[in-house]
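User: I have a two-chain model open and would like to talk through how it is put together. Could you start with any term I shall need?

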Amino acid sequence: MANLIFFYFAGIIVLTATLVVALRNPVYSALSLLVMFFHVAGLYVTLHAEFLAAIQIIIYAGAILVLYLFVVMLLNLKREERFHQQTLTAALLGLVLFGEAVLLLASRPLRLSSMSASSEPNVASAVGNTESIGELLYSTYLFPFEVASLILLVAMIGAVILSKKGLLESKSS
Amino acid sequence: METGLDLLTAYLTRYAPILLFILLALAFGVVTLALSYLVQPKYPEAEKLSAYECGSEPFSDSRIPFPVRYYVIAMLFVIFDIEVIFLYPWAVTFDQLGLIGLIEMMIFIGLFVVAYIYAWRKGALEWD
């Protein structure tokens, strides 16, 4: 049962991730990415990471995907006319990633059931996923949390500066 | 090993209502479309099948480049969305965190207020 659920989510993730790069229409790619995000969230649920699953849907499916769609609309991508074939780079990167996965799987015997049932499910279910994240994030990981706000500040300034530059250029031209 | 599997199955059973909800939502869309497709009278004409654009003739492709302003708004939305996500576990554990938790969240929000004022002053929120 548990294996079945894992293989369903993993299979759909692999399938839709392949479709994202294989489909010629960028809007279809984005929609396929949406399906992938939802299934990744489902995988998080089986890993007892419920808060992460909710974030996966809210941030990735809700916000990041909108960004992707806007990029597609912004660049006015039509079918395949702007695609570059990068077979060599892709093959090298894929080889590296594949080797990494093989190493990870070889160093530890593969046990799906123990992987999906987290090592301490009792702790997580007793306190609640969000509570345990909150307690850790705002005490032990206080500094990374504040750094995250700085990074977001930088991202926002970058976005404003870049878009302002684009606006000025489009006005002058 | 076996207990772990049982635990997982019991845990996932709690998600049955959500699964049911997803299935119902999907079925609603599919059934509505399929039913209207089956029931509708079909007298296709060239004029009827053309894209409807408020009664006027469509004059160009719908895939036109969008203004960059939409992208800025989306970017700002993502950033503030992440801020709100950070607020949620903080609000849940507010009792345990105490004064320090309040102070650190005020620093966090303070930085976002700086970002917000910056975006406002630079005119990123204006549409002109």
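Analyst: A residue is called buried if 20 or more other C-beta atoms lie within 10 Å of its own, and exposed if 12 or fewer do. Please keep in mind that this is a predicted model.

User: How many residues of α2(B) are buried, then?

Analyst: The count is zero among the 24 residues of α2(B), so by the definition of burial this helix is hardly covered.

User: And what is its span?

Analyst: Helix α2 of chain B covers residues 16–39, and at 1.5 Å a residue its 24 residues should span 34 Å. The C-alpha atoms at its ends are 33 Å apart, which agrees with that expectation.

User: What percentage of chain A is buried?

Analyst: Of its 173 residues, 17% count as buried. As for contacts in chain A with a separation of 6 or more, 60% join residues 24 or more positions apart.

User: How do α2(A) and α3(A) pack?

Analyst: Their axes come within 8 Å and cross at roughly 170°. That angle is over 145 degrees, so α2(A) is roughly antiparallel to α3(A). The contact involves, among others, A:Leu33, A:Phe37 and A:Tyr44 of α2(A), with A:Ile57, A:Tyr60 and A:Leu69 among the residues of α3(A). By class, this contact has 20 nonpolar, one polar and one charged residues.

User: What about A:Thr140, buried or exposed?

Analyst: A:Thr140 has 10 C-beta neighbours inside 10 Å and therefore counts as exposed. This residue is placed in the loop between α7 and α8 of chain A. Its C-alpha atom is separated by 33 Å from that of A:Val102, and the two residues are 38 residues apart along the chain.

User: How does α3(A) lie against α4(B)?

Analyst: The axes of α3(A) and α4(B) come within 9 Å and cross at roughly 170°. The two helices are therefore roughly antiparallel to each other. Residues of α3(A) including A:Phe51, A:Ile59 and A:Phe70 meet residues of α4(B) including B:Tyr71, B:Phe77 and B:Ile85. The residues of this contact divide into 20 nonpolar, no polar and one charged.

User: And α7(A) with the helix α4(B), at what angle do they cross?

Analyst: The axes of α7(A) and α4(B), the latter spanning residues 68–92, come within 8 Å and cross at roughly 100°. That angle falls in the range of 65 to 115 degrees, which means α7(A) is roughly perpendicular to α4(B). In this contact A:Thr130, A:Glu131, A:Ile133, A:Gly134 and A:Leu137 meet B:Tyr88, B:Pro89, B:Trp90 and B:Val92. The classes here are six nonpolar, two polar and one charged residues.

User: Which residues make up the largest nonpolar core?

Analyst: This core has 12 residues in all, among them A:Leu152, A:Met156, A:Val160, B:Tyr71, B:Met75 and B:Ala119. Each of α8 of chain A and α4 and α5 of chain B supplies at least two of its residues. The most, five residues, comes from α4(B).

User: What does A:Val160 touch?

Analyst: Leaving out residues up to four places away in sequence, A:Val160 touches B:Val72, B:Tyr118, B:Ala119, B:Lys122 and B:Ala124. A second, separate core of nine residues includes A:Phe9, A:Leu33, A:Met36 and A:Phe37.

Conventions: Residues are numbered from 1 along each chain as its sequence is written. Chains are lettered from A and ligands numbered from 1 in the order in which they are written. This is a predicted model: local features need pLDDT of at least 70, side-chain atom pairs count only at pLDDT 80 or more; totals for chains, interfaces and linings use all residues. Axes are lines fitted to C-alpha atoms, for helices over the stretch in contact, and angles run from 0 to 180 degrees between N-to-C directions. Helices (H or I, at least four residues) and strands (E, at least two) are DSSP runs, numbered from the N terminus. Angles under 35 degrees count as roughly parallel, over 145 as roughly antiparallel, 65 to 115 as roughly perpendicular and the rest as oblique. Two residues are in contact if their C-beta atoms, placed from the backbone, lie within 7 Å. Ala, Val, Leu, Ile, Met, Phe, Trp, Tyr, Cys and Pro count as nonpolar, Asp, Glu, Lys and Arg as charged, and the others, Gly among them, as polar. A nonpolar core is a set of buried Ala, Val, Leu, Ile, Met, Phe, Trp, Tyr and Cys residues joined through C-beta atoms within 7 Å. The expected span of a helix is 1.5 Å times one less than its number of residues.
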